[in-house]
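Reader: I have a model open and would like to go through how its pieces pack. Can you take my questions one by one?

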Amino acid sequence: MTRVHDHGGGVRSLRVPIPDNPLGHTLVYVVDTDRGPVLVDTGWDDPASWDALTAGLTACGTSVADLHGVVVTHHHPDHHGLCGRVREASGAWIAMHEADTAIVRRTRRTRPDRWFTYMTAKLTAAGAPADHVAPLGAVGPRTRLPGLSPALPDREIVPGELLPLPGRRLRAIWTPGHTPGHVCLHLEEEHPARLPGNGRLFSGDHLLPGITPHIGLYEDPEDATVTDPLGDYLDSLERIGRLAPAEVLPAHQHVFADAPARVRELLAHHEERLAGLHALLAEPLTPWQLAVRMEWNRPWERIPHGSRTIAVSEAEAHLRRLVKQGRAEPVPGSDPTAYRAV
Ligand SMILES: [Zn+2]
Ligand SMILES: [Zn+2]
């Protein structure tokens, strides 16, 4: 069943399924322009998702072949996955922020074993036990993983600039945090139902109505820069709150209004979480030990292997923030490094 929703003013959304994922689907937006429709994100690279995307475009009275371009909010496979197939079928351009394009470039040339060597070292340094790290060593140079050959974008999304959408005003707003090159896209046109506020915002995974996006470290085997993704994310949230769009069109769940209220909620949530972690650090903890003690959507024993790796990354991002705020510090001489509250 194709589900198309008309948001008015030449904007529609398609629900493109994400296989075996509790999120269920990506909301792909179809924005009419004078040169043909432009997509905001595409969906997961899977035959069923492709079918949903093409059927959805047909239901909109258009087709993949008519697409003029694709604007990608960030490089994750539930957003960027089908870009290559879309470009092949239409000749449409693909635009992405340079920081995420760099990840796409690196992913295309990094062999899986290089990636797993990096992850093994990283997890060991975070204090992960051997039974968590060992399965990663079983991956050989010929292992194929999904999403390892993502399409290379052909245009750069420049923060603050209008995208080349004939007849529309769509401005890129850089919102790093969930990924280093995540962008939100501000449709600077009056809301079709004249809701109060400044236009509409395609928010990608940055601002969602009912869930908080994953904020981990920007994993990069070739970059030793000490980044602060959670700090970036909180700054990006405030920027979107100040923009005060009349309506937010996120990449998952559903459309919603009152972005400033949602931003306040998320800022409070992260402040509370940081305070909770600060309290846990009364005793020195490695990132792994901190992840085990943090609150998740289910008990740690029931969190599967892959999600535990993501949880550790999230614990590390919070530690980075606390260290940067001067609220935590590494314990000298500890190996793996443990952190304690200041
Ligand atoms: Zn994402
Ligand atoms: Zn997503």
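Reader: Let's start with α8 and α10. At what angle do they cross, and how far apart are the axes?
Author: This is a predicted model. In it, the axes of α8 and helix α10 (residues 305-324) cross at roughly 85° and come within 10 Å. The two helices are therefore roughly perpendicular to each other, since 65 to 115 degrees counts as such.

Reader: Which residues make that contact?
Author: From α8 there are R273, L274, L277 and H278, and from α10 there are H318, R321 and L322. Sorted by class, the contact of α8 with α10 has 3 nonpolar, 2 polar and 2 charged residues.

Reader: What about α7 and α10, what angle and what distance there?
Author: Their axes are 7 Å apart, and the packing angle is about 80°. That angle makes α7 roughly perpendicular to α10.

Reader: Which residues meet?
Author: P229, L230 and G231 of α7 meet A317, H318, R320, R321 and K324 of α10. The contact of α7 with α10 divides into 3 nonpolar, 2 polar and 3 charged residues. H318 and R321 of α10 are in this list, and H318 and R321 also belong to the contact with α8.

Reader: Then how do α7 and α8 sit against each other, what angle and spacing?
Author: Helix α7 (residues 229-243) and helix α8 (residues 259-280) have axes 9 Å apart and an angle of about 160°. That makes α7 roughly antiparallel to α8.

Reader: Is the crossing left-handed or right-handed?
Author: The crossing of α7 and α8 is left-handed.

Reader: And which side chains' positions bring them into contact?
Author: On α7, L234, L237, E238, I240 and G241 take part, and they meet A259, P260, V263, L266, L267 and H270 on α8. By class, the contact of α7 with α8 has 8 nonpolar, 2 polar and 1 charged residues.

Reader: Change of topic. What is the strand order in the open sheet, and what sort of pairing is it?
Author: The order is β1-β2-β3-β4-β5-β6-β7, so named for 7 strands in an open sheet, and the pairing is mixed.

Reader: Which strands stand at the edges?
Author: β1 and β7 (155-157) do. Each has a single partner strand, so one side of each has no neighbour in the sheet. From one strand to the next, the twist averages 25°.

Reader: Which helix packs on that sheet?
Author: Helix α4 (residues 98-109) does, touching β6 (93-97) and β7. The direction of α4 makes about 110° with that of β6.

Reader: Now β9. How many of its residues are buried?
Author: Strand β9 (residues 183-187) is mostly covered, with 5 of its 5 residues buried. Both faces are covered, with V183, L185 and L187 on one side and C184 and H186 on the other.

Reader: What does β9 pair with?
Author: Strand β8 (residues 170-174) pairs with β9 in the antiparallel sense over 5 bridges. In that pairing W174 stands opposite V183. Strand β10 (residues 200-204) also pairs with β9 in the antiparallel sense, over 3 bridges. There the bridge partner of H186 is L201.

Reader: Which residues does P336 touch, apart from its sequence neighbours?
Author: Leaving aside neighbours within four places in sequence, P336 is in contact with T124, A125, A126, G127 and T286.

Reader: And how far is P336 from I157?
Author: Their C-alpha atoms are separated by 39 Å, and the two residues are 179 residues apart along the chain.

Note on methods: Residues numbered from 1 in each chain as written. Chains lettered and ligands numbered in written order. Predicted model: local features only at pLDDT ≥ 70, side-chain atom pairs only at ≥ 80, totals over all residues. Axes fitted to C-alpha atoms, helices over the stretch in contact; angles between N-to-C directions. Helix = DSSP H or I, 4+ residues; strand = E, 2+ residues; numbered from the N terminus. Parallel < 35°, antiparallel > 145°, perpendicular 65-115°, else oblique. Left-handed = near helix turned anticlockwise from the far one by under 90°. Contact = placed C-beta atoms within 7 Å. Nonpolar A, V, L, I, M, F, W, Y, C, P; charged D, E, K, R; others polar. Pairing = 2+ DSSP bridges. Buried ≥ 20, exposed ≤ 12 C-beta atoms within 10 Å, placed from the backbone.
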